[in-house]
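The sequence and structure come first, and the description follows.

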Amino acid sequence: MAGVAAVAASAAPITGLRAIYFGISGGPVHLPALDAALEAFAARNALQCGFCTPGMLASALACVAAGGPADRTAVRNDISGNCCRRTSYRSVVDAICDAIAAEKSAA
Ligand code: FES
């Protein structure tokens, strides 16, 4: 199923996440931006209960890949399809803006 992404995790802490699966038979793919996003989420305390984390990380990668500015309003719009039961949107937005900025400074 092209275009569908899911974040793979196990019972290990979320910081152990290192692969994203695309499609049904695509297998794991390491994305360099995932490391920057994970670091930013950890630094900003955006990795919380984990219910919303896979979707937030997938959205973060999409934001980084889009190459837009680290703009809070744009990021809020981009993650609007993800519901966080803990309402940690502020820390998630901060983390995604940091990941975007890190990607731009690395380029
Ligand atoms: S951190 Fe738990 S739902 Fe978002």
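## Helix H1 against helix H2

H1 and H2 cross in a right-handed manner, a crossing being right-handed if the near helix is turned clockwise from the far one by less than a right angle, and left-handed if anticlockwise. Helices here are DSSP runs of H or I with at least four residues, numbered from the N terminus. The model is predicted: local features need pLDDT of at least 70 and side-chain atom pairs pLDDT 80 or more, while totals for chains, interfaces and linings use all residues. Residues are numbered from 1 along each chain as its sequence is written.

The axes of H1 and H2 come within 10 Å and cross at roughly 120°; axes are lines fitted to C-alpha atoms over the stretch in contact, with angles from 0 to 180 degrees between N-to-C directions. The two helices are therefore oblique to each other (angles under 35 degrees count as roughly parallel, over 145 as roughly antiparallel, 65 to 115 as roughly perpendicular, and the rest as oblique). On the H1 side the contact uses Ala33, Leu34, Ala37 and Phe41, and on the H2 side Leu57, Ala60, Leu61, Val64 and Ala65. Two residues are in contact if their C-beta atoms, placed from the backbone, lie within 7 Å. The contact of H1 with H2 has nine nonpolar, no polar and no charged residues; Ala, Val, Leu, Ile, Met, Phe, Trp, Tyr, Cys and Pro count as nonpolar, Asp, Glu, Lys and Arg as charged, and the others, Gly among them, as polar.

## Helix H2 against helix H4

H2 passes H4 in a right-handed crossing, with axes that come within 9 Å and cross at roughly 35°. H2 contributes Met56, Ala60, Cys63 and Val64, and H4 contributes Val92, Ile96, Ala99, Ile100 and Glu103. These residues divide into eight nonpolar, no polar and one charged.

Beyond four places in sequence, Val64 touches Ala33, Ala37, Ala99, Ile100 and Glu103.

## The nonpolar core

The largest nonpolar core has 26 residues, and those touching the most other members are Ala37, Phe41, Ala60, Leu61, Val64, Ile96 and Ala99. Two or more core residues come from each of H1 (32-43), H2 (53-66) and H4 (89-106). Such a core is a set of buried Ala, Val, Leu, Ile, Met, Phe, Trp, Tyr and Cys residues joined through C-beta atoms within 7 Å.

## Valine 92

Val92 is found in H4. Val92 counts as buried because it has 29 C-beta neighbours inside 10 Å (20 or more is buried, 12 or fewer exposed, in between partly exposed). Leaving aside neighbours within four places in sequence, Val92 is in contact with Ala46, Met56, Ile79 and Cys84.
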